[in-house]
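Please open the structure in a viewer and keep the sequence at hand.

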Amino acid sequence: MLQELWKFIKKLKIEKLLKIRPDAAIGMDVIVGLPGETAELFEATFEFLQNLPLTYLHVFPYSRRPGTKAWSMPDQVNGTISKKRVERLIALSDAKKNAYIDRLISQNIIINGIAEKQENGYITLLSDHYVRAYCQSENISLMQKPEAEE
């Protein structure tokens, strides 16, 4: 199964994209605890994700739903085990995102963003690099998108 996933990832051409745009933020959705997910499969998945040049992971626990094919599949994963696996992947995601933010800072990457909130002399921005920035208001250059020419 992981070999098929590697082929899929290579089709996405993540490395090629990062050569063109090294500051790109690339994320992936991951469902944890699908029926049949053994400890060995999870560890292989963890290592696989750890080695991918991703910025973040959206991690979701599998939830059993009546009427789906997975409902009746054997080897349902215990909820406690699934929760622990989710926590591990969220920690991995946090580490990847922090490393990405450190890289943006060390390379002095200019970010653009949408102001979400202004309070007590600070602005909270959601940047085009999918990170939040908290800045003193006087350090921000606020620009508006030019209106389209008619």
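A charge is said to sit over a ring if NZ of Lys or CZ of Arg is within 6 Å of the ring centre and within 35 degrees of the ring normal. This term is needed at a later stop. The model is a predicted one, in which local features need pLDDT of at least 70 and side-chain atom pairs count only at pLDDT 80 or more, while totals for chains, interfaces and linings use all residues. Residues are numbered from 1 along each chain as its sequence is written, and side-chain values use heavy atoms, with hydrogens and water left out.

**The whole chain**

Begin with the protein displayed as a cartoon. It has four helices and five strands (DSSP runs numbered from the N terminus: H or I of at least four residues for helices, E of at least two for strands). From the N terminus on, the order of these elements is α-α-β-α-β-α-β-β-β. Of the 150 residues in the protein, 29% are buried; buried denotes under 20% relative accessible area, exposed over 50%, and partly exposed anything in between, with a 1.4 Å probe and protein chains only.

**Helix H3**

Next, select residues 39-51, which form helix H3. Its 13 residues reach 18 Å from the first C-alpha to the last, close to the 18 Å expected at 1.5 Å a residue (the expected span is 1.5 Å times one less than the number of residues). Show the side chains of Phe42, Phe46, Phe48 and Leu49, the buried residues of H3. Viewed down the axis of H3, these buried residues fall within an arc of 165 degrees, so they line one face of the helix; the arc is taken from the directions from the helix axis to the C-beta atoms. Turn to the other side of H3 to find Glu40 and Asn51, which are exposed.

Rings of Phe, Tyr and Trp (its six-membered ring) pair if their centres lie within 6.5 Å; planes under 30 degrees apart are stacked, over 60 edge-to-face and the rest tilted. By this rule there are two aromatic pairs. In the pair of Phe42 and Phe46, the ring centres are 6.3 Å apart and the planes stand at 45 degrees, so the pair is tilted. Phe42 and Phe46 are four residues apart in H3, a separation of about one helical turn. The relative accessible area is 2% for Phe42 and 12% for Phe46.

**Arg64 and Trp71**

Select Arg64 and Trp71 for another such arrangement: the charged end of Arg64 sits over the ring of Trp71, 4.1 Å from its centre.

**Glu37**

Move to Glu37, in the loop between strand S1 (27-32) and H3. Glu37 is buried, with a relative accessible area of 17%. Its side chain reaches the backbone nitrogen of Gly33 at 3.1 Å. Not counting residues up to four places away in sequence, Glu37 touches Ile31, Val32, Phe42, Val77 and Arg85.

**Asp128**

Finish at Asp128, in the loop between strand S4 (122-127) and strand S5 (132-136). Asp128 is partly exposed, with a relative accessible area of 44%. Leaving aside neighbours within four places in sequence, Asp128 is in contact with Ile111, Asn112 and Gly113.

Technical notes:
Contact = heavy atoms within 4.5 Å. Polar contact = N/O pair within 3.5 Å; in protein donor to acceptor, adjacent residues only side chain to side chain.
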